[in-house]
Every structure is written in structure tokens, then in C-alpha cells.
Amino acid sequence: MSEHPHTGLLLSLLAVFAPLSLVTIGGGQSAIADINRQVVDVHQWMSQAQFVDAFAISRMAPGPGSLLVTLIGWQVAGFWGAVVATLAIFGPTTFLIYAVAHVWARDGGAHWKRSLERGLRPVAAGMILAATYVLLQAIDGGWLARAMAFASTAVLLFTKVNPLLLIGAGVAVFVGLHAISLA
Amino acid sequence: MSKPETPPTPSCSQLFWIFTRIALTSFGGGLSGWLLREFVQNRKWMTQEEFLNGLSISQALPGVNVKNMAVWIGYRLLGWRGAIIGFVGIIVPPAVVIVLLGTAFSSLSRYPLTHVALTGAAAAAVGLSLSMGITAARAVPRNAISITIMAGTFVAVAILHWPLFWVVLAAGCVSVSHAYVRGNR
């Protein structure tokens with residue numbers, strides 16, 4: 001825990017991350033390059049190596065990947081840094097989705113609303129499939145990882161198994177094979 | 001959307017724990033897949049259609065999808081209380097975990113097995129994302145233009161790496177106008 005961080009530092013965290021919040025369309029990935037530039041080059045809060053470490057941790061940790069920003073806030077300015085950075089990256093867009101959800105719930109089957117729902121569906125499907133494709137490319141572990149991903153897809157589509165069990169199975173298979181190849 | 005067999009709405013604490021559990025057990029992305037499974041397939045608190053509508057909107061609006069989706073689901077089920085629960089449940093617990101992880105990481109990274117185990121977990125987790133994509137693709141209206149828009153969005157984002165903002169804006173405008181002109185069959 002650090003002692004009282006400088007208010008100016010907290011304000012700069014806010015000023016950097018709140019605008020970035022609004023360009024995170026389709027998930028936090030789109031903002032990562034810009035976060036890197038701001039944190040390392042512009043404000044020099046971290047070295048490039050520290051940033052890469054933080055990024056790796058955010059990929060391994062559960063929850064939304066944008067929590068990278070929480071970790072940066074923590075490392076830069078302690079507890080309040082983490083709080084301010086988190087609210088800055090997640091807050092503004094939360095009001096937006098809240099407002100839309102609120103308006104949406106008001107009236108029933110307006111024509112424009114049905115059109116919006118139907119029209120956005122192909123775009124959303126394309127984006128989810130694209131995200132999956134990118135994840136598949138990024139994952140370590142070669143063909144085995146891919147086979148595991150497809151097997152888990154099939155199991156999820158055709159059974160009601162708890163996904164946690166699947167993830168446990170993924171860990172077990174990889175650790176098991178690792179042990180064999182070591183033996 | 002009221003169906004006769006719909007069970008009563010969840011309590012605040014029930015909702016909070018579901019979001020927290022999903023947030024803490026999802027590795028390597030694909031949180032939306034967990035939400036679909038929990039709220040639609042297992043508990044049937046929402047219809048699949050309602051869920052997919054929320055998902056499309058969550059993705060089109062700026063903001064982390066899964067957080068948008070949690071606020072959307074929370075609002076649908078329990079109004080403004082639900083929205084707050086969704087936000088806090090999906091953000092705060094993993095925020096605490098990432099700080100702990102960041103602090104503990106230097107000691108964990110010594111073991112090569114850590115990385116192997118995480119790769120296995122991530123590979124299985126990609127399945128959630130893909131099964132979600134297949135579910136969403138099945139719900140796309142069956143006509144040439146909608147399917148072309150889906151394929152075009154995929155290629156633009158996954159292969160060409162075009163900026164998401166412009167892809168969503170362009171594809172969204174074309175697709176929504178098309179749906180509007182075509183009318184609601």
C-alpha cells in the first residue's frame with residue numbers, strides 16, 4: 001500500500017483512461033495499443049518491460065481484459081490509483097449502456113427497434129467469430145490447443161456440462177502431456 | 001418477455017453471486033458465453049432472443065462487451081439495482097484478483113507448469129467463445145445480405161484488422177437500413 005498519492009497523478013490517470021473508455025468498441029483490445037503509448041511514452045509511468053508484464057498478467061487473470069488498466073493504476077498510484085483507473089475505463093460507457101437499456105425497456109415493438117435488433121445481429125455474430133479466430137491464432141500450444149478448443153466447442157454445443165469442468169479438463173490434459181514429455 | 005414456465009426473478013444476492021462467479025472463473029475471454037449459459041440455457045431467466053439483442057447492442061456500443069452485457073442483463077432482471085449489481089459483480093472481484101496476481105506473479109512465474117496449465121485453460125475457454133459465435137450465427141436472418149454482412153464483418157476484423165469502430169459503424173448502418181427497408185417479417 002502506498003501513502004497518499006498525488007491528486008495530480010490521480011487526475012492524469014482519469015484524463016488518460018476516461019477518453020479511452022469511449023473508443024473500446026468490440027472489447028478492450030482495440031484500446032491496448034493506445035494505452036501502451038500513453039503509459040510508457042507520453043507519461044512514462046512504466047517502462048515498456050513493466051507494461052508487457054502487466055499485459056501478460058491481465059491475459060492470465062480472470063475477468064475482462066481491460067482490468068489491465070486497474071493493474072496499471074495500482075502500480076502507478078496504489079489503491080486510489082487502481083480505483084480511479086477502474087472507474088475511468090469502465091464508468092463512462094456504463095452510463096451509456098444503462099441509458100440505452102432504459103430507453104429500450106420502455107416501448108415494445110417499434111419498427112426502428114426491431115430493425116436495429118435484426119440489423120445488428122449479423123454484425124455481432126461476425127465480431128464474435130472474429131474474436132474467436134484471433135484468440136485461436138494467439139493461443140500457444142499449436143494443434144493440441146486448437147483440437148482442445150474445437151472439442152470443447154462441440155461439448156458445449158451438444159451438452160449442458162459446466163464449462164468449469166471443461167476448463168479443468170483442459171488444464172489436466174496439458175499438464176498431463178507436459179509430464180509425459182518430460183518423463 | 002413472459003413465458004408461462006419462466007421462474008421468478010432472481011434476488012439481488014443471487015444475481016451478484018452469479019456475476020461474481022462468472023467473472024472469477026472465466027479465463028481467456030469468452031465471458032459472454034458463460035452469461036448465455038447461465039442466464040438463458042440453465043436458469044431460463046431470459047429468452048435467447050432477448051439475450052442476443054442485448055449482446056448485439058453491447059457490442060455495438062463502446063465499452064467492454066461483458067460489462068455492458070452484465071449491466072444490460074442486470075437492468076432487464078432487476079432494474080437499476082440489477083444494473084449496479086451487474087457492474088460491481090463483473091468488475092470488482094476480478095479487479096481485486098488482478099492486483100493480487102500482479103503482486104504475487106514474480107513468485108508464480110518461476111514454475112514453467114504455470115504457463116502450461118494456463119494454456120490448457122485458455123484453449124478450453126476458446127470453445128466458449130466459438131460456441132457462442134455459432135449460436136449467434138444461427139440467429140442471423142437467413143438472407144444473402146445479412147449473411148454477407150456477417151462474413152464481411154468477420155473478414156474485416158479478423159483478417160484485415162480494420163479499426164473496429166469504423167467496421168461496426170459501416171456494417172451496422174448497412175445492416176440496420178436493410179432490416180428497416182425489408183420490414184419485420
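**Stop 1: the contact between the chains**

Between chain A and chain B there is one salt bridge. The model is a predicted one. To see the pair, select Arg114(A) and Glu49(B): the closest N and O atoms of this salt bridge are 3.7 Å apart. Polar contacts across the interface of chain A and chain B come to 13 residue pairs, with both residues at pLDDT 80 or more.

Next, colour the helices of chain A that touch chain B. Those supplying at least two residues each to that side are H3 (48-60), H4 (68-106), H5, H6 (142-158) and H7 (163-182). Of these, H5(A) gives the most, with 24 residues. By residue class, the side of chain A that touches chain B holds 49 nonpolar, 25 polar and seven charged residues.

Now show both sides together. The contact involves 81 residues of chain A and 93 residues of chain B. The size of an interface is often stated as the accessible area that is lost when the parts come together. Here the area buried between chain A and chain B is about 8,100 Å², and carbon and sulfur atoms give 76% of that area.

**Stop 2: the largest cavity**

A probe the size of a water molecule, rolled over the atoms, shows where empty space is left. How many cavities of 30 Å³ or more does the count give? There are two.

Go to the largest cavity, which has a volume of about 80 Å³. Its lining is made up of 12 residues; to centre the view, select Arg118(A), Pro141(B), Asn143(B), Ala179(B) and Arg182(B), which lie nearest the centre of the cavity. The elements giving two or more residues to this lining are helix H5 (111-138) of chain A and helix H7 (164-182) of chain B. H7(B) has the largest share, four residues. Colour the lining of the largest cavity by class and it divides into three nonpolar, six polar and three charged residues.

**Stop 3: the second largest cavity**

Move on to the second largest cavity, with a volume of about 40 Å³. Which residues line the second largest cavity? From chain A, select Leu120(A), Val123(A), Ala124(A) and Met127(A); from chain B, select Ser56(B), Gln59(B), Ala60(B) and Val168(B). H5 of chain A and helix H3 (48-60) of chain B each supply at least two residues of this lining. H5(A) gives the most, with four residues. The lining of the second largest cavity contains six nonpolar residues, two polar residues and no charged residues.

**Stop 4: a salt bridge within chain B**

Side chains of opposite charge can pair when their charged atoms come close. Over all chains, a search of the whole structure finds five salt bridges. For one of them, select Arg21(B) and Glu38(B), whose side chains meet at 3.4 Å, N to O. This pair links distant parts of the chain: Arg21(B) sits in helix H1 (residues 12-25) of chain B and Glu38(B) in helix H2 (residues 31-42) of chain B, 17 residues apart.

Key. Residues are numbered from 1 along each chain as its sequence is written. Chains are lettered from A and ligands numbered from 1 in the order in which they are written. This is a predicted model: local features need pLDDT of at least 70, side-chain atom pairs count only at pLDDT 80 or more; totals for chains, interfaces and linings use all residues. Side-chain values use heavy atoms; hydrogens and water are left out. On a 1 Å grid over the protein atoms alone, a cavity is a set of points where a 1.4 Å probe fits but cannot get out, and a pocket is an open set with protein on both sides within 12 Å along at least five of seven lines; lining residues have an atom within 4 Å of a point. Grid points are joined across faces, edges and corners, and a volume is the space filled by probe spheres set on the points. Ala, Val, Leu, Ile, Met, Phe, Trp, Tyr, Cys and Pro count as nonpolar, Asp, Glu, Lys and Arg as charged, and the others, Gly among them, as polar. Contact means heavy atoms within 4.5 Å. Buried area is the accessible area (1.4 Å probe) that two parts lose on being put together, summed over both. A salt bridge is a side-chain nitrogen of Lys or Arg within 4 Å of a carboxyl oxygen of Asp or Glu. A polar contact is a pair of N or O atoms within 3.5 Å; within protein, one must be able to donate a hydrogen and the other to accept it, and residues adjacent in sequence count only if both atoms are side-chain atoms.
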